[in-house]
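Work through the exercises below with the structure open beside you, and try each task before you read its solution.

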Amino acid sequence: MAYRSVIPFGPQHPVLPEPLHLDLVIEDDRVLEAIPQIGFVHRGLEKLTEKRDMHQFGYIAERICGICAVGHSCGYASACERMLDIEVPGRVQYIRTILHELSRIHSHLLWLGLLADAFGFEALFYRSWTLREQILKIFESTCGGRVILSINEIGGLKHDIEDSELAGIVQTLDAMRPDYEALVHTFLDDNSCGERLHGVGVISKKDALELSMVGPFGRASGVDYDVRMFGDGAYADLAAFEPIVATDGDCYARCQVRCAEVTQAMDIIKELVDKIPHDGIGGRTKLTPADGARGEVVIEQPRGEAYYYVRGNGTKNLDRFRVRTPTSQNLAGLTHALQGVLIANVPMIILTIDPCISCTER
Amino acid sequence: MDHKMSRSPWVIHYDGSSCNGCDIEVLASLTPLFDAERFGVVNTGNPKHADIFLVTGSVNAQNLPVVRQIYNQMLELKCVVACGICACSGGVFRDAYNVIGGVDRAIPVDVYAPGCAVRPETVIDAIVEACGILDQKEAVMRAGGDPLTVGGAATWDGGVELGEGGFVAAGAGADDAPAGTSAAGDAPAAAKEGE
């Protein structure tokens, strides 16, 4: 007779750098149901707008998450700019987009490393993270920080990134490509990786649409949706942009999508550096939002669609700041993907949605 | 380094309520560019195996019992490193409503490693310093003394008490609700919190 029990998974677990608690209802070694419990990382960040003014809050918004930090600060700054009706120069949009795409590369390489770690390929983990260090080196030499860059300001940038530095970025990325291709070759073509990834945690396109999955997790199930394809800001000037989609919906497809997105991001950066305008970097503006003025913005984070909302109340403090992050969308998909899998596959399936708990809980 | 490293310190990492920035830097310090593993630093998932507890992020009502539980499960000799400014003092989030403060509100901290995010070099420095404290603790224990007279525990003010029916206790109680198995795991921690 099948034996039924509940296994608590997390919050402290070696596969996750972050605390996520799941109650796994299992029968023998199959998972029947996964009940997530979050709240370990909640800081109450959105309410800090009452204590910090709009410029100060930019630093807080950037610290929503240390992996997608650039995206959060871009999202917050552009939402505020929309609320205040500020038109930022093209160069600002370009540099923000370049940094955002660089952070996508670093985030995906980080994820690839963690994936390798989850299926027990330690050397591959180290190789991915060594490659990732080159991106962090670019961040450090252009902005001064490895993780938190603090370059965005409402109305512009704190400092420019010179054309010579931008050319250096492209050079570094070009030099990375052979190493990266070798890495991807191992992930996608090596038998020991493929065996562990194929057919694990499958989600069909229908389910993915019903569960409103976003980002690479949704695109791996065939959901043809990427915020970048709407051509907002600097993305409008790209010659072409096609979201990267896979159809299998298993762990392998998710790996495939992210591998291809890194190359895509490298191409985007190269194209934008070629086209970058020279119309100044804007600067700090006076904060006078009208009472009830609102600004909204949607951007494509490494993990998927993120929505930012700000509302002013006539003072220098915001009335409301709200973020909807990709992981909070994808948690429903995670619990769905975990139904009926073997308990040995649980850590890897949790990892393939690339959960970002500190974004979700803020 | 003014002392020899007499051991390969195994570390356990827990993310309090960090933004991930410090977590990835703690992991990065173990990977080949910074390579703390050359000192024998191994990341383990089991508190019983670990010598050094690396905590990132501040503590709140929900994770305070978890941090205490991991600390209590670790065996002496043990050392706690607060990685990043949030773990040291609460950092930029210290005024947020769900942040109690630095990790020293929950457990005694031996080494404070500041930075936002903490740099891998700082993490390695802190681990090396923690090794020195482990050596001191060992000397005290061999002489028949109490290891809690060395390092952060000697001057610790006790942190936050978990009040009966208070905000913190309410968060801890919610942990027991979902499953019978997890309630059994929480029981020792609850007993210790009662002390």
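**Exercise 1.** What percentage of the 195 residues in chain B is made up of buried residues?

*Solution.* Bear in mind that this is a predicted model. In chain B, which has 195 residues, 50% are buried. As a next step, list the elements: chain B holds 7 helices and 5 strands, and from the N terminus on they follow the order β-α-β-β-α-β-α-β-α-α-α-α. Finally, turn to the contacts in chain B between residues at least 6 apart in sequence, of which 77% join residues at least 24 apart.

**Exercise 2.** Find which element of chain B gives the most residues to the side that touches chain A.

*Solution.* Begin with the counts, in which 37 residues of chain B are in contact with 42 residues of chain A. Then note that at least two residues of this side of chain B come from each of β1 (10-15), α1 (21-28), α2 (64-73) and α7 (180-194). Of the elements, α1(B) gives the most, with 7 residues. Sorted by class, the side of chain B that touches chain A comprises 19 nonpolar, 13 polar and 5 charged residues.

**Exercise 3.** Decide how helix α4 of chain A is oriented relative to helix α5 of chain A.

*Solution.* The axes of α4 (residues 122-143) and α5 (residues 163-189) of chain A come within 11 Å and cross at roughly 175°. Because angles over 145 degrees count as roughly antiparallel, α4(A) is roughly antiparallel to α5(A). Among the residues that make the contact are Leu131(A) and Ile138(A) of α4(A), together with Met176(A) and Leu183(A) of α5(A). By class, this contact of α4(A) with α5(A) has 7 nonpolar, 5 polar and 3 charged residues.

Note on methods. Residues are numbered from 1 along each chain as its sequence is written. Chains are lettered from A and ligands numbered from 1 in the order in which they are written. This is a predicted model: local features need pLDDT of at least 70, side-chain atom pairs count only at pLDDT 80 or more; totals for chains, interfaces and linings use all residues. Axes are lines fitted to C-alpha atoms, for helices over the stretch in contact, and angles run from 0 to 180 degrees between N-to-C directions. Helices (H or I, at least four residues) and strands (E, at least two) are DSSP runs, numbered from the N terminus. Angles under 35 degrees count as roughly parallel, over 145 as roughly antiparallel, 65 to 115 as roughly perpendicular and the rest as oblique. Two residues are in contact if their C-beta atoms, placed from the backbone, lie within 7 Å. Ala, Val, Leu, Ile, Met, Phe, Trp, Tyr, Cys and Pro count as nonpolar, Asp, Glu, Lys and Arg as charged, and the others, Gly among them, as polar. A residue is buried if 20 or more other C-beta atoms lie within 10 Å of its own, exposed if 12 or fewer, and partly exposed in between; C-beta atoms are placed from the backbone.
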